[in-house]
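Here's a quick briefing to read with the model open. Grab your viewer and follow along.

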Amino acid sequence: MWKLLKYLKKYKLESILAPLLKMTEAAFDLLVPLVMAQIIDVGIHNRDSGQILKMGGVLVLLGLLGLAFSLTAQYFSAKAAVGFGTGVRNELFRHINSLSYREIDTIGTSTLITRITSDINQVQSGVNLVLRLFLRSPFIVFGAMVMAFTVNARAAMIFVVTIPLLSVVVFGVLLVSMPLYKKVQRQLDRVLLTTRENLLGARVVRAFNRQPDEITKFDEENDLLVRSQIFVGKVSALMNPATYIIINAATIVLVWTGAWQVDEGVITQGEVVALVNYMSQILVELVKLANLIITISKSLACANRISAVFDVEGSIVEKNHDRIGTKAAGAAAGDAAAVPKVEFAGMDFCYAGAKEASLNGISFAAMSGQTIGVIGGTGSGKSTLVNLIPRFYDATEGTVRVDGTDVKEYPVGQLREKIGVVPQKAVLFKGTLGENMRWGKPDATDEEIYEALDIAQAREFVDSKEQGLDLPIEQGGRNLSGGQRQRLTIARALVRRPEILILDDSASALDFATDAALRKAIRENTKNMTVFLVSQRATTIRNADRILVLDDGQLVGQGTHEELFETCEVYREICLSQLSEKEVRAHG
Amino acid sequence: MAEKRKENANVRNEQARKPAAAEAGAAGTKKQAARLLQHSSTVKRVLAYIGNYKWWVLVSLILAAVTVAATLYAPILVGNAVDLIIAPGNVDFAGIRSILYRMAVVVAVTGAAQWLMNHINNRITYQVVKDIRTRAFDHLEVLPLRYIDSHPSGDVISRIIADIDQFSEGLLMGFTQLFTGVITILGTLGFMFVIDPVIAAVVVVVTPVSLVVASYIAKKTYVMFKKQSETRGELTSLVDEMLGNQKVVQAFGHEAEVQAQFEEINERLRGYSLRATFFSSITNPCTRFVNSLVYASVGIVGALAAVRGYLSVGQLSIFLSYANQYTKPFNEISGVVTELQNALASAARVFELIDEEPLTPEPADAADLQRADGSVAMDHVYFSYRKDVKLIENFNLDVKPGQRIAIVGPTGCGKSTVINLLMRFYDVDSGAVRVDGHDVRQMTRRSLRANYGMVLQETWLKSGTIRENIAYGKPDATEEEVIRAAKEAHAHSFIRRMPQGYDTVISEDGGNLSQGQKQLLCIARVMLCLPPMLILDEATSSIDTRTEIRIQKAFARMMEGRTSFIVAHRLSTIREADMILVMRDGHIVEQGKHGELLARGGFYAQLYNSQFAST
C-alpha cells in the first residue's frame, strides 16, 4: 500500500511545504490570545485607546498572514494531491492494460472500473486532507500539553493520561471501521455489477419481463449496502462523543484537583483557567483530527484495493525484449521457405482452475501462404487454439512456434505485429471509422484502408455513407449492424497487412453471399498471408489448404476437404449435417 | 410506494409542462431547458426526498439543539466552578462538588445525544441515497432501449454509482455539520445579545461578509465540480470500453494509444480537479480570515467599551470566547456548502437520468394479451433509428398462426430491426404492428413479450448460477423442468461437466463460458418458457452444426403450432421455413418458399447460388 506513496515523489516540495505552512498558520492562531491578553492587561488597564487600536491592527495583520500562508498551503496540497491521483490513475490503467485476459476475467471488469475511478478519487481527497492537517492537529494537541507543563507539572500529568486514552479511542475506531469500509466498498461493487448487467442485458431482461425481479434484486443489493453503511457509520459516530466525554471528564478532574492545589497554594486561579483552556483547545483540534481519521481510514481501504490490483502480475511474461530477426532464425534451419510459419508441437492447454485440459497434444504445421481451416463442435477448443498463436494465453505443455521460434521468445509486441486477429465478438471503438481502421497501423494511408475495406466486403456500405472514413462510430460500434461490424473488424485486421491472419468465426453474422465473396477476396489478395479460418460452416473452410478437425480438445483429423471427408468420421458428420451429399461433392 | 408514485407523477407533470419540447423529441432543447431549471429544482427535489424522513429529521434537530445547549452550558459550569476556587483557604469544595456532579450529567447527556444524532443523520442520509439510487435504477428499467442503445453504459453507471456516492458524502456532511452549526450560531447569538446588544450587533454585521465570500467561491466551485464530474464520466466510459474489449486492444498492440487517450482525459481531469479542489479549499481560510476580523473588531470595540466602563473584563472574555464559538460554525458551514455544491452537481446528473423520458406509457385500457394465437401483421410500417437515415419503409407482412418465417438478406438490410419492432423494443414511426389483430401499442408490453421467446445473437447471461440463468424466464421452475430444458438445448452434458454442475456460478458477462455454451444456455432459457411465438436471431451461429441439428429438431418440435421468426444465414434453417422474407435495404424484395424463390431466379437465387461460387 505504501508503494502508492511513490506517486507523491514528483510533488516532494509541495508535500513538504503544505503541512509546514499550515503549521505556521496554526502558530499564528496560538499568538492571538497573547495579543488579546496584551489588550486587556495594557490597553484596558491603562485606558490607552491608541494601544488598543494598535494591537487590533496586529490581530488583523496576523489574520492576513494566516490567510496568505494557508492559501499557499491549500494550493500546494491541492496540486500535490491531484497530481498524485492523476499519476496513480495513469499507472493503474497502464498496469491493467498489461494484464492478460485471464487476470481481467478473474478480477472482474466492474471492480476494476470502481478502483480506477472512485477509489482513486477517495485516496486523492485523503492525500489532500492529510497534507493539510496531519501536522497541524497533532501540533496543537501536543503544543497544548507542553504549555500545560510550563504551568504546572502535576496538573499536566492529567494531560499525559488523557492524550494516550484519546489515541486509543481514535485508533480503536479506526481499526474497527477500516475493514468495515472495505465491506461497504465491496457491496458498492455488487450494486455496480447489477447496474451494469441491466444496462447490457436490457433486451433480455425486457424480453423475459424480469424488470420487477431485477428491481427487487437491486433493492436487496442496495439495502445491504445501506445496512453496512449505517453499521460502519454507527461505529464511526462513536468517535466524537467518546472524545468529548473523555476531555470533559479530564476537565472535571482538572478542576477538582485544581481546587485542592489552589487551596494548598500551589497554583493560582488564573492558572486553573489556563489549563482548562488548553484542554478545550485539544478538543477542538480532536474534532478535526477525528474527521481526518475517518477520511484517512476510507482512503486507506481504497488505497489497499488499488494496491491489490497493482500486485496482480500479468501471466504473460516477456522474457526477451530484443526483436528477433526472423530470417536468421529461418536460415539456421536451412531453407527459409521450409520453416513452417506456424507450428504446434505436442501442445497441451489447460485454463486456470479447470480440471481438464482444453486442448490435448496438438501438433501441426502451417506453411507461409497457406489457408488453414479449423472446424469442430462448440467447446472443442477452436478459439483456444488460435488464441495461443498471438500468445493471449501460454501453452501448458509443448510449444507454439512462429517462423521457427517459440512464441515465448519473442517480444510480445513483435509477435503480435505479425498477426491480424479478428475476434468472435465484433467490437469497434468510439471514434471515427478511419481511427478504428488505423488501430493496427497508425500511419496507414486512406488507400491502404480502402484496399482493406474492399477485401473485407465493407467498401460498398462505407461508400454509401456520406462521411466515408469520418463516419462516427459509437461505443462498441452500436450504430452499425452485426454484419457491418464484423466486416469492419476484418478490414481492421487487414490494414496492417499481417503475415498471419486469424479469423475466429468472424463471418458468423455474414450472409453466405458476403461470406463467399470475402473468402474469395482474401484468397486473391493475401498471397503470402497464412490464414487461419475458424468456422462452424463446412462451406467456409472446405477450400482451405489444410483443415484441422477438433473434437473435445483433440485434433482428430487434418488434411484437405476430400481427404477428410473420406477418412475423418467427425468431419464427414459435420459436412453432412450442413450440406447434401451432392453439395459436398459439388466441387470435389 | 406512495413516494414512488408521487415521483412518477412529478415526472409526468414536468413533461406535461413542456409538451412542445417533448413532442418535437429534440433531446437537445429539452436538456437545455432542464439545465436552466436544474440548480434550484435540484435542491427542491433533494428536499422532497429528505421530506420522507421528516420525523427523523425533527428528532435529529431536537438532538442537535440538546447537544448544542449542553455544549454551551458546560463552559459556564466550568466557569462557575472556577469562580469558587478563589485563593488558598478560600475554596468552596461542597459547591464545586455539586457543580462538577451536574457537569458530569451534562457531559454524559451530550455524549449520548451526539452519538444518537450522528447515527440518525447517517440513517437519514443513506436512506435518502438509497431511495434516489433505487429510483434511478427503477427508471433504468423503463427507459426506452433507444436511450440505452445510444448512451455509453459507463456514463450511466457513473451516474448511478459514483455520482450518487458523491452525493451521499455531501448530504451526510450537510446533515452532521449544518444542523449543529446553525443551532450553535443561534445559541451563541442569543447569549451574546443577553450580555451586550451593541457588540453582538457588531458581530452580526461583520459575519455576513463570511457568507458572501463563501457563496461567491461556492458558485465558482460548482462549475468546476460539474466539469470534474463530467470528465470523470468520460474517463469511466473510456475505461469501460477498453477494459471490456481488452483482447482486441492487445491483439492490435494498441495499449500505447489507449494509454495516451486515457492520459489525455486524465490530464484534463487534473486541470478541473485542481481548480475544483483548490477553490473549494480556499473557502475555509477565507472565512477564517473574516472570522479573525470579527474577533479583532470585537476585541477593539469591546476593549474601547471597557475603557469607558460599559463592559467588565470578565464579560469581554466571555464575549471573545463566544465570538470564537459563534464564528467557528461558519467555517464548517462554508466547508459544508462547497461539499453540498459538489453533491448537487452530482445529484443534478442523477436527476438528469431520472428525467429522461421513459417509455411511452401504456394506455390505461391496454389489453393483456392472453396466449396469442400467433398471427402477426406489419401494416405499412415506417421506421428508422435516426431521423436522417431512412431504414424501413412501407413494410408489410402477414403471418398466419404457426408459420415459420425465415428472414434472410445481406447484412444491414434491417433484419434485426424487424425484431426490435416485433418485441416492441422500439416503436414504429408510423403504421402498426399487430398481434392477433390488435395493435401492439394497445396491449401491455409485459403480455406482448411474454408471448415471445427470444434468442439473440448477442448472448447475455447474468452473473448467478447456471440454474438461475436457465430459469430466468420462469423463476419458479422445478429442477426437472430446468434439466429437461437444458437437455433439449443440448446444454445438459456440458453443464454436468462444470465444477458445480447446475450450481456453477457464471461470472460477469459469462466470462467462464465459451460463446457456443452461452448460446446453448440462452436457448435452454427459452426452452423452459415455451411461449406461443419465437424469435431466433442467428441463434445458433456459434454452435457447431451437429449440435445445431439436434437443437433444430428440438426447435422443430417446439415450433409446432407456434409462429416463429428466424433470422438465419444457414441454409438448413431456411430450407424448412414456411415463408422466406428476402430483405434488402429495409424492404421485402421477395417472399415465398425456398423452391419457389429459387425457381424465380431473383435476388434470393443470387444469394443462394453465391454460396457455391468458386472460392
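Asp403(A) is buried, because 24 other C-beta atoms sit within 10 Å, and 20 or more is what it takes. This is a predicted model, and in it Asp403(A) has a positive phi, near 55 degrees, despite not being glycine. Look for Asp403(A) in the loop between strand E4 (397-402) and strand E5 (405-406) of chain A.

**Another positive phi**
- Arg47(A) isn't a glycine either, yet its phi is positive at about 50 degrees.
- You'll find Arg47(A) in the loop joining helix H1 (12-44) and helix H2 (49-98) of chain A.
- Arg47(A) has 13 C-beta neighbours inside 10 Å, so it counts as partly exposed.
- For background, most residues other than glycine have a negative phi.

**Helix H7 of chain B**
- H7(B) covers residues 153-195, and its 43 residues should span 63 Å at 1.5 Å a residue; the end C-alpha atoms are 61 Å apart, which agrees.
- There's a bend of about 35 degrees in H7(B) at Arg159(B).
- H7(B) is mostly covered, with 32 of its 43 residues buried.

**Nonpolar cores**
- The largest nonpolar core holds 207 residues, and Val374(A), Ala491(A) and Ile502(A) have the most contacts inside it.
- Helix H10 (residues 255-307) of chain B gives this core its largest share, 20 residues.
- Leaving out residues up to four places away in sequence, Val374(A) touches several partners, among them Lys382(A), Leu385(A), Phe532(A) and Leu550(A).
- A second, separate core has 76 residues, including Val381(B), Val418(B), Ile419(B) and Met559(B).

Definitions and conventions
Residues are numbered from 1 along each chain as its sequence is written. Chains are lettered from A and ligands numbered from 1 in the order in which they are written. This is a predicted model: local features need pLDDT of at least 70, side-chain atom pairs count only at pLDDT 80 or more; totals for chains, interfaces and linings use all residues. Helices (H or I, at least four residues) and strands (E, at least two) are DSSP runs, numbered from the N terminus. The expected span of a helix is 1.5 Å times one less than its number of residues. The bend at a residue is the angle between axes fitted to the seven residues ending there and the seven starting there. A residue is buried if 20 or more other C-beta atoms lie within 10 Å of its own, exposed if 12 or fewer, and partly exposed in between; C-beta atoms are placed from the backbone. A nonpolar core is a set of buried Ala, Val, Leu, Ile, Met, Phe, Trp, Tyr and Cys residues joined through C-beta atoms within 7 Å. Two residues are in contact if their C-beta atoms, placed from the backbone, lie within 7 Å.
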